[in-house]
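Thanks, everyone. Please look at the screen.

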Number of protein chains: 2
Amino acid sequence: MRAVSVVGVGLTQWGKRRDVSLAELMVESAMKAFADTKSLTPQDVEALYIGNAQAERFQEQAHPANVTAEYLGMSPRVVARVEMACSSGSVGVRNAFFAIASGQVDSALVLGVEKMCNVSSAEAMRNLCLVEDLTWESFHGMIPPSGFALIASRYMHEYGVTQEQLAKIAVKNHRNGAKNPIAQFRKEITVEDVLNSPMVAHPLNLLDCSPISDGSAAVILAPAKQARKYNDTPVDIIGSGQFMEPSCNCSNMESLTTWRALVNAAKDAYSMAKLSPSDLDIVETHDCFTIAELIEYEDLGLCKKGEGPALVDSGETEIGGRIPVNPSGGLKSKGHPVGATGVAQIAEVSEQLRGECGPRQVDGATVGMTQNLSGFATHHVCHILRRQN
Amino acid sequence: MRAVSVVGVGLTQWGKRRDVSLAELMVESAMKAFADTKSLTPQDVEALYIGNAQAERFQEQAHPANVTAEYLGMSPRVVARVEMACSSGSVGVRNAFFAIASGQVDSALVLGVEKMCNVSSAEAMRNLCLVEDLTWESFHGMIPPSGFALIASRYMHEYGVTQEQLAKIAVKNHRNGAKNPIAQFRKEITVEDVLNSPMVAHPLNLLDCSPISDGSAAVILAPAKQARKYNDTPVDIIGSGQFMEPSCNCSNMESLTTWRALVNAAKDAYSMAKLSPSDLDIVETHDCFTIAELIEYEDLGLCKKGEGPALVDSGETEIGGRIPVNPSGGLKSKGHPVGATGVAQIAEVSEQLRGECGPRQVDGATVGMTQNLSGFATHHVCHILRRQN
């Protein structure tokens with residue numbers, strides 16, 4: 001298996017994008033990623049992976065890969081639209097990584113996209129709820145907000161965390177997102193704002209939750225040995241791990257507060273990278289709800305089990321702290337256009353390792369991690385990136 | 001890249017399956033595939049690929065990978081749901097093939113599924129139409145039947161084919177399907193039946209078209225060197241090719257009657273297999289409409305361009321002929337549960353090469369090909385299989 005690098009990244013403005021169609025949104029991020037390379041064009045790229053969760057419901061556009069190839073004028077010989085709910089983009093990156101690592105292709109565009117704001121909030125929420133098992137979960141009201149509220153309640157019971165501590169995660173991510181020009185919410189909030197925001201499902205308030213968003217992200221991958229031909233500051237993907245629990249229904253999960261799939265996915269990524277959690281300079285995680293980021297601290301090994309709340313209080317996950325988490329603003333503040341999220345995480349870490357993040361830059365970052373999930377945290381994907389020497 | 005084999009195949013009964021849920025249908029094919037191996041169980045398998053086009057529309061069940069892992073009790077460390085419209089299952093097989101070929105995993109389950117009969121025919125047709133570009137195609141009525149009717153009309157203009165010749169393809173496939181115990185329509189038809197069936201879009205009548213179906217298919221892949229541990233008669237996948245045209249909108253296609261993406265995908269598959277069309281003993285193709293199978297004869301190299309109609313008349317694509325095409329009954333008679341089709345093609349060719357097809361067996365077949373498409377034939381996937389010596 002040969003080494004693989006990120007040689008181009010591009011993100012659109014995230015938020016409500018009523019000015020463009022789904023196809024135009026995809027083209028916007030893709031063309032920024034191509035412009036980020038020295039000279040690559042869509043026609044040069046051999047593989048195309050689309051991370052998209054539900055264009056057939058949000059746009060009534062099935063088979064988005066076809067539309068993408070048409071709009072970009074690509075003729076890929078490896079092409080797949082990958083749907084893995086919130087982790088769609090990360091699984092696209094993972095597949096593209098292996099397509100290059102194995103020598104199948106010499107270049108790949110991974111495009112993540114979701115356009116969710118053209119339907120009513122109620123319809124958007126309904127679509128999002130379909131990702132849970134229709135028969136055993138969503139039908140009974142076990143949908144993402146109630147599921148993560150259950151996880152938060154159980155965490156409170158087992159280890160103890162206060163709503164204030166959860167709120168601090170949202171406050172941090174808004175502080176970071178306020179410095180990210182593409183973020184949906186460029187507005188700082190306070191712990192009081194979170195605690196006073198409407199209750200969604202106890203103990204989660206509205207400002208504990210990530211929003212409904214439009215947005216797209218693109219990354220271009222190439223073999224590490226050829227990377228400098230395309231970019232002066234390539235970033236290598238040195239680890240990739242994925243795991244799905246055999247008990248995907250939350251009623252069957254071994255534990256609600258230790259995510260076995262995350263522990264396993266992270267272990268594989270660390271093992272491939274030959275690194276440990278202490279080697280990381282930054283992490284982008286899936287903070288769909290504040291409780292998610294808390295458990296991710298622990299299951300990624302940034303602190304011990306049960307010590308997440310203390311890590312929050314310590315401020316060490318802030319930019320400038322020991323291990324900044326979600327310097328981009330995370331899903332909470334940057335937004336969560338579902339299929340785009342995983343690709344955007346790779347883009348953010350790449351730009352951080354290139355030192356191009358301006359006011360939200362983590363100084364001297366050389367190694368970073370991304371973590372994404374789907375379902376009730378029963379499926380996880382992790383990647384580790386390092387600035388190429 | 002190491003060699004890869006099919007070590008287990010399983011198909012459900014195809015047709016209207018009101019007796020089971022989507023999850024139960026997937027489990028049915030998967031467990032048949034596991035039973036077809038010597039001893040493999042879902043818990044042994046490292047990778048899971050789901051080929052499914054539209055569970056979020058037909059069942060309101062997004063993220064079907066999660067449901068599959070739960071019902072089968074799997075814990076894959078490589079997992080993806082692949083949506084590529086009618087070619088979803090084939091792209092799943094291709095990704096699983098490369099995951100094993102590259103050494104990423106040592107076993108993979110590819111599960112194809114679609115359950116389309118639980119909605120009205122009108123709603124099913126509407127869902128199928130969403131695979132074309134919403135802005136430039138489906139909105140204007142350019143949907144699969146009208147698109148393939150356009151292709152047929154153009155073929156008539158350029159090379160000449162009669163409706164009788166097209167009908168003969170449907171008659172052949174029904175003759176084969178009548179011998180396939182899982183086929184949706186186990187009923188022979190005549191050329192007159194086709195010509196007298198209701199007009200769908202000139203020159204295609206109802207019996208020129210494949211049906212709306214429920215069904216699932218599963219194949220289990222493993223490294224060729226380990227294959228006999230799992231199956232006494234493994235079948236090797238010796239070629240894989242894929243191509244998507246940069247002009248996916250039918251108004252931009254270079255030619256309606258020579259499918260550039262198919263020519264390229266087949267070329268890559270033949271090249272990887274180091275074989276030519278004359279080496280094939282059987283072919284399973286994507287006969288969504290009779291005209292599709294006709295053009296596939298030519299673009300796969302089974303005959304020269306424009307000689308498809310003569311090949312039909314010669315009877316050489318019948319079982320017992322020079323190159324039997326769609327001995328399974330094809331999409332036309334076996335059915336077309338969209339995401340399952342590509343996986344079922346691999347299963348049929350594997351069973352043919354193992355000599356297990358009873359009354360529809362092609363005697364002495366040792367090399368076979370599968371071909372699948374999506375959109376207006378602007379994306380194709382081909383595989384070549386050979387009985388392991």
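How many residues does helix H10 of chain B have, and how far does it reach from its first C-alpha to its last? H10(B), residues 260–273, has 14 residues and reaches 20 Å. That is close to the 20 Å expected at 1.5 Å a residue, where the expected span is 1.5 Å times one less than the number of residues. Helices (H or I, at least four residues) and strands (E, at least two) are DSSP runs, numbered from the N terminus.

A word on the source. This is a predicted model: local features need pLDDT of at least 70, side-chain atom pairs count only at pLDDT 80 or more, and totals for chains, interfaces and linings use all residues. Residues are numbered from 1 along each chain as written, and chains are lettered from A, ligands numbered from 1, in written order.

Back to H10(B). Its buried residues include B:Leu262, B:Ala266 and B:Tyr270. Buried means 20 or more other C-beta atoms within 10 Å of a residue's own, with C-beta atoms placed from the backbone. The buried residues pack against strands E8, E10 and E11 and helix H11 of chain B. After H10(B) comes B:Lys274, with a positive phi near 55°.

Now the contact between chains. Chain B gives 54 residues and chain A gives 54; contact means C-beta atoms, placed from the backbone, within 7 Å. On the chain B side, E3(B) supplies the largest share, six residues.

Which strand does E3(B) pair with? E3 of chain A, antiparallel, over three bridges; pairing takes at least two DSSP bridges. There, B:Arg81 is the bridge partner of A:Glu83.

Terms used: A residue is buried if 20 or more other C-beta atoms lie within 10 Å of its own, exposed if 12 or fewer, and partly exposed in between; C-beta atoms are placed from the backbone. Two residues are in contact if their C-beta atoms, placed from the backbone, lie within 7 Å.
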